[in-house]
Protein chains: 2
Amino acid sequence: MNLELTREFIDNLRLQIENNQEGEVKDLLLELHAADIAEIMEVLSLEEAKYIYLLLDGEKASDVLIELPEDDRRRFLNALPPEYIARQFIEYMDSDDAADILGELDEDRKKSVLNEIGDVEIAGDIVDLLEYDEESAGGIMAKELVSVNENWSVATCLKEISRQAEDVDDIYYVYVVDDDNKLKGVLSLKKLILNSTSTLIKNIFNEDVKWVKTDTPQAEVAQIMEKYDLVAIPVVDEIGRLKGRITFDDVMDVIREEAERDYNMVSGITGEVEASDKVWQLTRARVPWLMVGLFGGIMGAQVIGAHEASLQKVPATAFFIPLIAAMAGNVGVQSSSIVVQTLASGVRDYTTPWQKLFKQLSVAFVTGAIFSVMILLYNLIFSDSLGLTYAVSISLFIVMTIASVFGSLIPLALHKLKIDPAVATGPFITTLNDVLGLTIYLLISQLFLDFI
Amino acid sequence: MNLELTREFIDNLRLQIENNQEGEVKDLLLELHAADIAEIMEVLSLEEAKYIYLLLDGEKASDVLIELPEDDRRRFLNALPPEYIARQFIEYMDSDDAADILGELDEDRKKSVLNEIGDVEIAGDIVDLLEYDEESAGGIMAKELVSVNENWSVATCLKEISRQAEDVDDIYYVYVVDDDNKLKGVLSLKKLILNSTSTLIKNIFNEDVKWVKTDTPQAEVAQIMEKYDLVAIPVVDEIGRLKGRITFDDVMDVIREEAERDYNMVSGITGEVEASDKVWQLTRARVPWLMVGLFGGIMGAQVIGAHEASLQKVPATAFFIPLIAAMAGNVGVQSSSIVVQTLASGVRDYTTPWQKLFKQLSVAFVTGAIFSVMILLYNLIFSDSLGLTYAVSISLFIVMTIASVFGSLIPLALHKLKIDPAVATGPFITTLNDVLGLTIYLLISQLFLDFI
């Protein structure tokens, strides 16, 4: 059954909560997936959400907790005693979710919760995971996986899988290891089912297994899993011992997350926001890059101010200020976005930096030429000043070329310096190119108008 | 083993090709994944790529074909006779890949290839799939899946799975159907392994299965699979009969594809391009939105031209043209991006249109007020004209408010009209707000400078 969360559904639920129809609400919740309950809780008032949450049993309650937005979850957990968090939530969770949630708590509470976990093995797994960088393979992997020894038979394997499978929701692949727990290969469940029980694992497993290291960046993990269409990938340490596995759902989150980050950057938004967020959240997300725009605008005002005399002489010079600024901005954003997206896609590029520069220059020349000629034709027909006509076209060509080259090279340089190249898209590159474009335009105009 | 595609690797391969060391190259290719071979072929010259490709056996050759960029694949297929395409590629492929590739051919060639397929069942599956909209669930699903009847026992099931599994690379889930092939539920391989062989399927399968219809849009399929962490989802027709399944790898492609489309839109790029594409491809991707910018720039020139007299009176008015235009553009892009991203995430919103407008207005007022006051302070210190000082601040407030509201409402309206809301991000909204902002600023300046 697919759920349709309509306004009627929500209104009906609200009425049941108001009338304290505990039985009905409980029945309804039993049928719903944790992700749906979390979504409903976000729409309800805090009181209503609490009412629902307290009706959930331990496992469902911890599933819902994982689905809640980070802010809500933190506020909620900070109101609960550590032993409750350990016993009611953490012990029900997969190690990666448990580590994520503990990582959101402050240091003291994290320690208290860890100390309250009854099962030392579970606590140990979480402590191990907390060591890794959040955005590395170690930071997104789970400890739960099914592994078998290469020397076993299919029968032993099936028995061992039944035992291990209790902790693992979905198996996907069985990893094959040697006596030192070093990863040797992979075995599909299909192969296990299709072979006779006396077959030895070492005769049927696939040695060609893709893996990542605990310190592989998450974006790279996503690229590898996407490229090879992997539903899960094993994670190994420096000497090849099997440490955990990453599944496709974690990677879908990474892809979405990285895409949103780049999208926000090019749109001039800081942090993650949605249209339904609070006014102060939406404002806070907008102000930083608008400050960059304001600063650029003030610089622009000073650049024009420095040319006040020529502006007074030929006021028509001002007509083309928005055109130059807009074209410089647009070309810069285009160039930087192409570079950022190419880097994000993980497609390798075998050309040298000089070849890259030459390519970008060629595109810039062609594009610049097209639009310079168009504006030249326009001005030849509509403008009175031949000097201004030439000045605008020549400036546009130079400005578009420089904007394009800057737009390509700055993200590439940032990438080399291990800084997120997406910083140099959107408002940053627009503002830089606006100011540069204006300066070039006004200088060239002055030259032309002085001499012609 | 993980492959590292270095320049040395490529250079070495080139040398082997040049020396016609067929055996060595063949051995190397045997070890490589199809995705890697496709990547290598893109770096090589056309002649070298052909040399490699002809050394591949049928199955690997068709795997590589799927991984090639669409342009290259089409050019390549157009050079081959239909019977070769049918026998060497199509018959080795999953139905969804086969349909995608046939869909890229022109009508006549498609028909010829279909007629050359020996196995009527395969041809029939492909013809069925070609009926669906490319961006719907039907368009991305594969016909290959494993399904069992609810009345069977685990033993019968395992036997039937062995039979069906030949066609299906990865099983993930076994779908349970009734005698009419209507979807009843799902069964995990894990459950199948962990139950005794005499158990009846109807006693162990899970009725709570998520599904989509053949006409569900692909973006919605991706949202559902992401939300519920599904590795595969069954696709049913209008009356609930099982028609196919969509796997996580198809959905990763959809997520990436949709994110790239939105990113390109906000960056002013048409179509899909990468930094390594040819100069004319990169230029073609840039020109359309730059045309919009040029058009906006010319409109801007005319707006300013209409106020030439006041500009001559107070040339300082021109100083703030870039500031107003930049702020209007940035605010507009921010607003539209937040809306587009919220729509893309599939998060449902239960507020009325009036509540939405009120929220956007509030954010616009707060943001507008912050920056108006900042530029007011700047001008009170640095500007000589009190009239201009007030005019700039008041204009900035009004312009930012209008830009913000437009930026939010236009994508929402497009979405209502079933047009991709992402069209109204980036250069479109920037240009619109530039021209509007300029008009408002110059009108208000004129008012103030006339009366003060």
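Good morning. In helix H3 of chain A, the buried residues are A:Ala34, A:Ala35, A:Asp36, A:Ile37, A:Ala38, A:Glu39, A:Ile40 and A:Met41. Buried here means under 20% relative accessible area, against over 50% for exposed and partly exposed in between, with a 1.4 Å probe and protein chains only. Helices (H or I, at least four residues) and strands (E, at least two) are DSSP runs, numbered from the N terminus.

Before I continue, a word on the source. This is a predicted model, in which local features need pLDDT of at least 70 and side-chain atom pairs count only at pLDDT 80 or more, while totals for chains, interfaces and linings use all residues. Residues are numbered from 1 along each chain as its sequence is written, chains are lettered from A and ligands numbered from 1 in the order in which they are written, and side-chain values use heavy atoms, leaving out hydrogens and water.

To return to H3(A), which spans residues 34-43: 8 of its 10 residues are buried, so this helix is largely enclosed by the rest of the structure. What do the buried residues of H3(A) pack against? Their partners in chain A are helix H1 (7-18), helix H2 (22-31), helix H4 (46-54) and helix H5 (58-67), and chain B contributes helix H15 (218-227). Contact, throughout this talk, means heavy atoms within 4.5 Å.

I turn now to the two chains together. Chain A can be laid on chain B by a turn of 180° and a shift of 0.0 Å along the axis, with an RMSD of 0.1 Å. That is the relation of a two-fold axis. The same surface serves both copies, since 100% of the contact residues of chain A recur in chain B. The superposition is by least squares on the C-alpha atoms of residues with pLDDT of at least 70 in both copies.

One helix pair links the chains. Axes are lines fitted to C-alpha atoms, for helices over the stretch in contact, and angles run from 0 to 180 degrees between N-to-C directions. Angles under 35 degrees count as roughly parallel, over 145 as roughly antiparallel, 65 to 115 as roughly perpendicular and the rest as oblique. On the H16(A) side, A:Arg256, A:Glu260, A:Tyr263, A:Asn264 and A:Ser267 meet residues of H19(B) that include B:Gln334 and B:Gln341.

Within chain A, how do H19(A) and H21(A) lie relative to each other? The axes of helix H19 (residues 321-345) and helix H21 (residues 386-416) come within 8 Å and cross at roughly 30°. The two helices are therefore roughly parallel to each other. Among the residues making the contact are A:Gly332 and A:Ser335 of H19(A), with A:Ala403 and A:Gly407 of H21(A).

A single side chain also deserves mention. A:Lys110 lies in helix H9 (residues 107-116) of chain A. Is A:Lys110 buried or exposed? A:Lys110 is buried, with a relative accessible area of 15%. Not counting residues up to four places away in sequence, A:Lys110 touches A:Leu102, A:Leu105 and A:Leu130.

Finally, the strands of chain B. An open sheet of 3 strands has the order S1-S2-S3, with mixed pairing. Its edge strands are S1 (147-149) and S3 (183-188), each of which pairs on one side only. The twist from one strand to the next averages 35°. Two strands pair if DSSP finds at least two bridges between them. S1(B) and S2(B), residues 173-177, run parallel and are joined by 3 bridges, with B:Val148 partnered by B:Val176. S2(B) and S3(B) are antiparallel over 5 bridges, and B:Tyr175 stands opposite B:Val186. These two strands form a hairpin with 5 residues between them, and B:Asn181 in the turn has a positive phi of about 65°.

Strand S5(B), residues 232-236, is mostly covered, with 5 of its 5 residues buried. On one side these are B:Ala232, B:Pro234 and B:Val236, and on the other B:Ile233 and B:Val235. S5(B) pairs with S4(B), residues 212-213, in the parallel sense over 2 bridges, and B:Val212 stands opposite B:Val235. Towards S6(B), residues 242-247, S5(B) runs antiparallel over 5 bridges, where B:Val235 has B:Gly244 as its bridge partner. S5(B) and S6(B) form a hairpin with 5 residues between them, and B:Gly240 in the turn has a positive phi of about 85°. Thank you for your attention.
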